[in-house]
Amino acid sequence: MPTRRKSGGQESGALPRTLKARSRPGDTTLQRHASFFDDNGDRGVGVAECARGLKALGLPFGVAEAAALAIVAPLSIQTRGSLLALNIDIENIQNGKHASDTGILDKRGRFNTRRFEKVFGACSTVDRNGDKVFTATELTKMINANRETLFGSLVSTVEWQVLLALAADTRVVERGKSVPALSVARMRSFYDGTLFYKLAKARA
């Protein structure tokens with residue numbers, strides 16, 4: 001069992017969250033994404049683990065706990081077949097994919113480069129201004145274009161709004177106002193499963 005020690009003023013396991021990827025060789029992109037929250041490496045994510053991860057990304061105390069419960073509860077049902085477990089099974093995380101998403105992660109949770117390029121790359125169907133950055137307005141248009149179910153589009157809206165709030169790396173002028181935006185590089189790091197680690201490291 002790894003010993004606990006303080007590093008940078010925080011108590012952690014063998015290595016702090018920002019320095020050790022918890023995913024395994026052969027993991028899909030979606031599994032790598034979910035593994036960020038797996039503190040003890042048991043391939044499961046409970047509410048407390050999810051909350052700690054969200055706080056490492058910048059969500060404040062209270063908000064992180066509420067968001068963690070909202071994330072873990074449905075994914076527990078989808079990946080473990082039980083709400084009582086209140087734990088996400090990373091091995092089955094692909095079962096948590098919802099309708100109305102971009103299709104950039106396939107049914108098995110693997111990164112589809114061709115689909116990414118179509119949505120966010122050089123031939124983007126989302127970027128309306130040719131500046132290769134994506135604001136809330138453009139992301140909303142994308143969500144509406146991919147809408148399959150009301151529930152799916154609502155989940156997508158929440159996900160993108162949270163990502164924009166936590167990970168915006170530039171600003172652009174839109175309708176005379178400066179607004180936050182996500183660059184193509186930021187989008188790619190989100191979809192390849194590395195963004196959360198980068199954000200947490202930057203905040204450490």
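1. R128 is partly exposed, with a relative accessible area of 47%. This classification follows because partly exposed covers the range between the buried limit of under 20% and the exposed limit of over 50%. The model under discussion is predicted. R128 is placed in the loop between helix 4 and strand 5 (133-134). Leaving aside residues up to four places away in sequence, R128 touches E138 and K141. The C-alpha atoms of R128 and E138 are separated by 7.1 Å, with the two residues 10 apart along the chain.

2. On the overall fold, the secondary structure of the protein comprises eight helices and seven strands. The protein has 204 residues, of which 41% count as buried. Of the contacts between residues at least 6 apart in sequence, 46% join residues at least 24 apart.

3. Two packed helices are described by the angle between their axes and the distance between the axes. For helix 5 (residues 136-145) and helix 6 (residues 150-167), the angle is about 160° and the axes are 10 Å apart. That angle makes helix 5 roughly antiparallel to helix 6, because angles over 145 degrees are counted in that class. The crossing of helix 5 past helix 6 is right-handed.

4. The residues that form this helix 5 and helix 6 contact are A136, L139, T140, M142 and I143 on helix 5, and S153, S156, T157, W160, Q161 and L164 on helix 6. By class, the contact of helix 5 with helix 6 has six nonpolar and five polar residues, and no charged ones.

5. In soluble globular proteins, nonpolar side chains tend to be buried together. Here the largest nonpolar core has 40 residues. The residues with the most contacts inside this core are F37, F120, L139, M142, W160, M187 and Y191. Two or more residues each are given to the core by helix 1 (29-35), helix 2 (47-57), helix 3 (63-80), helix 4 (113-120), helix 5, helix 6, helix 7 (184-191) and helix 8 (195-203). Helix 8 provides the largest share, five residues.

6. Apart from residues up to four places away in sequence, M142 touches T102, V119, F120, V126 and W160. M142 and W160 both take part in the contact between helix 5 and helix 6.

7. Concerning helix 2, its buried residues are E49, C50, A51, G53, L54 and L57. These buried residues pack against strand 3 (44-46), helix 3, helix 6 and helix 8. After helix 2 comes G58, with a positive phi near 120°.

Notes: Residues are numbered from 1 along each chain as its sequence is written. This is a predicted model: local features need pLDDT of at least 70, side-chain atom pairs count only at pLDDT 80 or more; totals for chains, interfaces and linings use all residues. Side-chain values use heavy atoms; hydrogens and water are left out. Axes are lines fitted to C-alpha atoms, for helices over the stretch in contact, and angles run from 0 to 180 degrees between N-to-C directions. Helices (H or I, at least four residues) and strands (E, at least two) are DSSP runs, numbered from the N terminus. Angles under 35 degrees count as roughly parallel, over 145 as roughly antiparallel, 65 to 115 as roughly perpendicular and the rest as oblique. A crossing is left-handed if the near helix is turned anticlockwise from the far one by less than a right angle, and right-handed if clockwise. Contact means heavy atoms within 4.5 Å. Ala, Val, Leu, Ile, Met, Phe, Trp, Tyr, Cys and Pro count as nonpolar, Asp, Glu, Lys and Arg as charged, and the others, Gly among them, as polar. A nonpolar core is a set of buried Ala, Val, Leu, Ile, Met, Phe, Trp, Tyr and Cys residues joined through side-chain atoms within 4.5 Å. Buried means under 20% relative accessible area, exposed over 50%, partly exposed in between (1.4 Å probe, protein chains only).
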